[in-house]
Amino acid sequence: MKTNMDYWDSVLKNLPKSYHQWFEEERKYLQRVVTTDAKVLEVGCGDGRSIFDLLPVTKHIVGIDHDDTAIADAKQAFAHEPTIQIFKADATHLPFQDSEFDFVICMTTFANFADKKFIVLDEMKRVLKPTGKIIISVFSEDAFEERMKVYKSVGVKIKEIRGTTVVFDESVGDHISEQFTQEQLENIFTQASLQILDITKVNMAYLCTLIK
Ligand SMILES: C[S@@+](CC[C@H](N)C(=O)[O-])C[C@H]1O[C@@H](n2cnc3c(N)ncnc32)[C@H](O)[C@@H]1O
């Protein structure tokens, strides 16, 4: 049975131009905002795409994901980088002490948290140093057409579409994918008692920097 991660692998292997452009903007943003040798946690790291983006800036990176395939792939990818650690964990229970990280990043994964997003934001805040920053990259209101093209091309089973929220078949695992307007993101971050330092719109996503 194919899971979310198998479908995501297919997307990464045949990246449409729109996603490629978004990921290029993510890479530049991460390399601009994250400081040299900072201690970074990536929540929902998948196979480590964004960890690779960060290597020119810092190698003190921890990636967590709750998917076994993602963990196996990421562990293999960074087997020769002793300061990069990959753990299996859920974003709702981060296995770290309070105030451990200079940056907590969450790239493309925030769309999947559904009704857990406030718990996850609380956890991100908890493990962030008082001076730290959270970076989130997430689908914008302009992503729907591109998302639907991608879902169709990889053949993921869709159970229901509610507005712009896509509910996949339960077998997929993380079976909800959402997109947000800037106003919706501002409301979510404000409700989570996070301050917004920056929200930058790229072609089909928002790149957000938040502080406690
Ligand atoms: C769309 S992929 C993005 C992967 C990677 N960040 C990237 O951009 O290439 C979403 C990833 O988040 C993981 N994920 C989703 N919900 C999660 C949760 N509650 N806890 C941990 N990982 C989660 C999935 O297993 C998957 O690897």
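What radius of gyration would a compact globule of 212 residues have, and what does the chain have?

## Overall size

A compact globule with 212 residues would have a radius of gyration near 17 Å. The chain has 16 Å, which agrees. This is a predicted model. Along the principal axes, the C-alpha atoms fill a box of roughly 40 × 40 × 30 Å.

## Fold and contacts

The chain holds seven helices and 10 strands. Consider the contacts with a separation of 6 or more: 64% of them link residues 24 or more positions apart.

## Surface and charge

Of the 212 residues, 50% count as buried. The accessible surface comes to about 9,900 Å². Carbon and sulfur atoms account for 50% of that surface.

The chain carries 25 positive and 33 negative side chains. The centres of these two sets lie 1 Å apart.

Strand β10 spans residues 205–211. Is it mostly covered or mostly open? Strand β10 is mostly covered, with six of its seven residues buried.

Which strands does β10 pair with? One partner is β5, residues 128–139. Six bridges join β5 to β10, and the two run antiparallel. Within this pairing, V138 has Y206 of β10 as its bridge partner.

Another partner is β9, residues 195–201. Here too, six bridges make the link, and the strands run antiparallel. I199 has C208 of β10 as its bridge partner. β9 and β10 form a hairpin, with three residues between them.

Key
Residues are numbered from 1 along each chain as its sequence is written. This is a predicted model: local features need pLDDT of at least 70, side-chain atom pairs count only at pLDDT 80 or more; totals for chains, interfaces and linings use all residues. Side-chain values use heavy atoms; hydrogens and water are left out. Helices (H or I, at least four residues) and strands (E, at least two) are DSSP runs, numbered from the N terminus. The radius of gyration is taken over C-alpha atoms; the globule rule is 2.2 Å times the number of residues to the power 0.38. Buried means under 20% relative accessible area, exposed over 50%, partly exposed in between (1.4 Å probe, protein chains only). Contact means heavy atoms within 4.5 Å. Accessible areas come from the Shrake-Rupley method with a 1.4 Å probe; for residues, only the protein chains shown count as cover. Lys and Arg count as positive and Asp and Glu as negative; His and the chain ends are not counted. The place of a charge is taken as NZ of Lys, CZ of Arg, CG of Asp or CD of Glu. Two strands pair if DSSP finds at least two bridges between them.
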